[in-house]
Amino acid sequence: MFGDAAEARQRATVAKRSSTGRDLDYGVALALAYAGDATSGQALTDDLAKRFPEDTAVQLNYLPTLRAKIALLHSNPQQALDILRIAAPYELGLPAVGIYNWPNLYPVYVRGEAYLAAHKGSAAAAEFQKILDHRGIVVNEPISALAHLQLGRAYATQGDTAKSRAAYRDFLELWRDADPDIPILRQAKAEYEKLK
């Protein structure tokens with residue numbers, strides 16, 4: 001998600017060797033999808049679907065998120081949006097078991113990405129704002145900070161430079177002490193400069 005696809009693939013490969021659990025397998029599949037590896041991401045998605053046919057979190061959160069992200073890799077934002085419809089009623093809920101609900105807003109984030117890919121800035125902004133409005137659900141997941149950046153991009157798509165710049169500033173402030181060589185940070189700074 002931060003732009004280092006090679007590192008993501010390497011870590012996902014290591015993680016997959018030690019896992020048969022649904023949550024880690026979902027995380028690996030999601031990392032591979034964000035690294036642009038649609039083939040491996042699809043294989044892991046199919047495996048999750050086969051192994052957990054009656055698991056609510058898998059069926060209504062993990063699989064729609066993964067399938068939608070893979071659709072985006074194939075440049076099909078409308079298919080991604082259609083896939084994510086099933087997750088919408090559940091994405092703000094909290095699981096009945098466990099104390100960590102990290103995957104809950106990933107369908108929202110991917111939906112926002114799909115709207116951005118479809119050049120629907122207003123709809124994208126609404127999705128990323130939903131993440132910012134529900135920080136207690138997203139906790140410290142990367143999408144918490146990245147939602148600011150994506151919100152800036154969504155406003156830029158709409159031509160609202162003032163709101164776009166404000167969202168970029170929020171992201172850059174959150175990342176002010178980050179390693180300056182992180183690809184997504186360099187990209188965000190370059191996009192922000194173009195808004196001046």
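**Close-up views of helix packing and the nonpolar core**

**View 1. Packing of helix α2 against helix α4.** The crossing of α2 and α4 is left-handed, as drawn here from a predicted model. Their axes lie 9 Å apart and the helices pack at an angle of about 15°, which makes α2 roughly parallel to α4, given that angles under 35 degrees are counted in that class. On the α2 side the contact is formed by Arg22, Asp23, Tyr26, Ala29, Leu30, Ala33 and Tyr34, and on the α4 side by Ala57, Val58, Asn61, Tyr62, Thr65, Leu66, Lys69 and Leu73. By residue class, the contact of α2 with α4 divides into ten nonpolar, two polar and three charged residues.

**View 2. Surroundings of Asn61 in helix α4.** Asn61 belongs to helix α4, which spans residues 56-73, and is one of the α4 residues that make the contact with α2. With a relative accessible area of 10%, Asn61 is buried, because that value falls under the 20% cut-off used for burial. When residues up to four places away in sequence are not counted, Asn61 touches Tyr26, Thr56, Pro103, Asn104 and Pro107.

**View 3. Packing of helix α2 against helix α3.** Helix α2 (residues 22-34) and helix α3 (residues 38-51) have axes that come within 8 Å and cross at roughly 155°. The two helices are therefore roughly antiparallel to each other, since angles over 145 degrees are assigned to that class. The crossing in which α2 passes α3 is left-handed. Arg22, Asp25, Tyr26, Val28, Ala29 and Leu32 of α2 meet Ser40, Gly41, Leu44, Thr45, Leu48 and Arg51 of α3, and the residues of this contact divide into six nonpolar, three polar and three charged. Among the α2 residues shown here, Arg22, Tyr26 and Ala29 meet α3, and Arg22, Tyr26 and Ala29 also take part in the contact with α4.

**View 4. The largest nonpolar core and the contacts of Phe128.** The largest nonpolar core has 53 residues, and those with the most contacts inside it are Phe128, Ile131 and Phe171. Helix α9 (residues 142-158) supplies the largest share of this core, namely eight residues. In soluble globular proteins, nonpolar side chains tend to be buried together. Phe128 touches Tyr109, Gly112, Glu113, Leu116, Ala147, Gln150 and Leu151, with residues up to four places away in sequence not counted.

Terms used: Residues are numbered from 1 along each chain as its sequence is written. This is a predicted model: local features need pLDDT of at least 70, side-chain atom pairs count only at pLDDT 80 or more; totals for chains, interfaces and linings use all residues. Side-chain values use heavy atoms; hydrogens and water are left out. Axes are lines fitted to C-alpha atoms, for helices over the stretch in contact, and angles run from 0 to 180 degrees between N-to-C directions. Helices (H or I, at least four residues) and strands (E, at least two) are DSSP runs, numbered from the N terminus. Angles under 35 degrees count as roughly parallel, over 145 as roughly antiparallel, 65 to 115 as roughly perpendicular and the rest as oblique. A crossing is left-handed if the near helix is turned anticlockwise from the far one by less than a right angle, and right-handed if clockwise. Contact means heavy atoms within 4.5 Å. Ala, Val, Leu, Ile, Met, Phe, Trp, Tyr, Cys and Pro count as nonpolar, Asp, Glu, Lys and Arg as charged, and the others, Gly among them, as polar. A nonpolar core is a set of buried Ala, Val, Leu, Ile, Met, Phe, Trp, Tyr and Cys residues joined through side-chain atoms within 4.5 Å. Buried means under 20% relative accessible area, exposed over 50%, partly exposed in between (1.4 Å probe, protein chains only).
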